[in-house]
Amino acid sequence: KWFSERPEPSFALFGRREGLPLAATGPDKPSAFAAATKHLIGFGHRRIALLARQMRRRPEPGRTERAFLGELEAHNIPIGDFNLPDWEETREGYQKLLRSLFRVTPPTALIIEEAPFFIATQQFLARQGLRVPEDVSLICADPDPGFSWCEPTVAHIRWDSRPVVRRIVRWAATVSRGGRDVRQNFVPAEYVEGGTVGPAPIE
């Protein structure tokens with residue numbers, strides 16, 4: 001919002017910029033989030049948590065987070081703080097979150113919004129002796145080159161980065177000529193199934 005009110009040209013790559021007079025691009029993830037959530041529910045998961053940074057949760061959930069919560073509601077799964085938990089955005093805070101989630105009634109599936117947190121979660125689960133996907137299913141909401149080396153394959157959300165690059169180049173060209181460009185466009189994203197998702201454990 002601060003950048004959108006400045007006279008200097010600025011561009012938002014990703015982030016929560018809907019409704020602002022600010023040039024922007026990035027993946028359009030809500031439908032992919034809904035598909036990922038529906039896939040988990042189809043495998044019998046009902047205790048699903050989405051782990052997202054504070055900027056995605058406050059002051060209210062973003063579009064992708066609302067798509068996730070909406071899909072749970074559509075399948076009559078009660079929603080609450082468990083599904084989109086609050087946590088302190090530090091390494092210690094993230095580890096504390098994971099410990100609290102798995103202390104009593106653990107989630108059977110996690111959607112994790114960024115690859116670094118996905119890796120940290122895998123380490124945590126390994127230390128607890130929990131298997132993926134036998135004990136916990138995992139989905140990463142971003143792609144990562146490292147996933148091509150993983151076994152089982154990682155369920156994730158991906159998009160084509162080339163339209164993103166072209167949009168930035170066009171904006172820069174317009175601004176360099178003294179023009180004004182505050183258009184926002186979104187690149188379609190898709191949910192990619194992978195071996196980190198399996199049936200919910202039988203209790």
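Tutor: The expected span of a helix is 1.5 Å times one less than its number of residues. Helices (H or I, at least four residues) and strands (E, at least two) are DSSP runs, numbered from the N terminus. This is a predicted model, where local features need pLDDT of at least 70, side-chain atom pairs count only at pLDDT 80 or more, and totals for chains, interfaces and linings use all residues. Residues are numbered from 1 along each chain as its sequence is written, and side-chain values use heavy atoms, without hydrogens and water.

Student: How do you know that the length of helix α5 agrees with the rule?

Tutor: Helix α5 covers residues 115–127, which is 13 residues. The rule gives 18 Å, and the end C-alpha atoms lie 19 Å apart, so the two agree.

Student: What makes residues of α5 count as buried, and which are they?

Tutor: Buried means under 20% relative accessible area, exposed over 50%, partly exposed in between (1.4 Å probe, protein chains only). Ala115, Phe117, Phe118, Ala120, Thr121, Phe124 and Leu125 of α5 are buried.

Student: What covers the buried residues of α5?

Tutor: Contact means heavy atoms within 4.5 Å. The cover includes α4 (91–101), β4 (109–112) and β5 (137–140). After α5 comes Gly129, with a positive phi near 75°.
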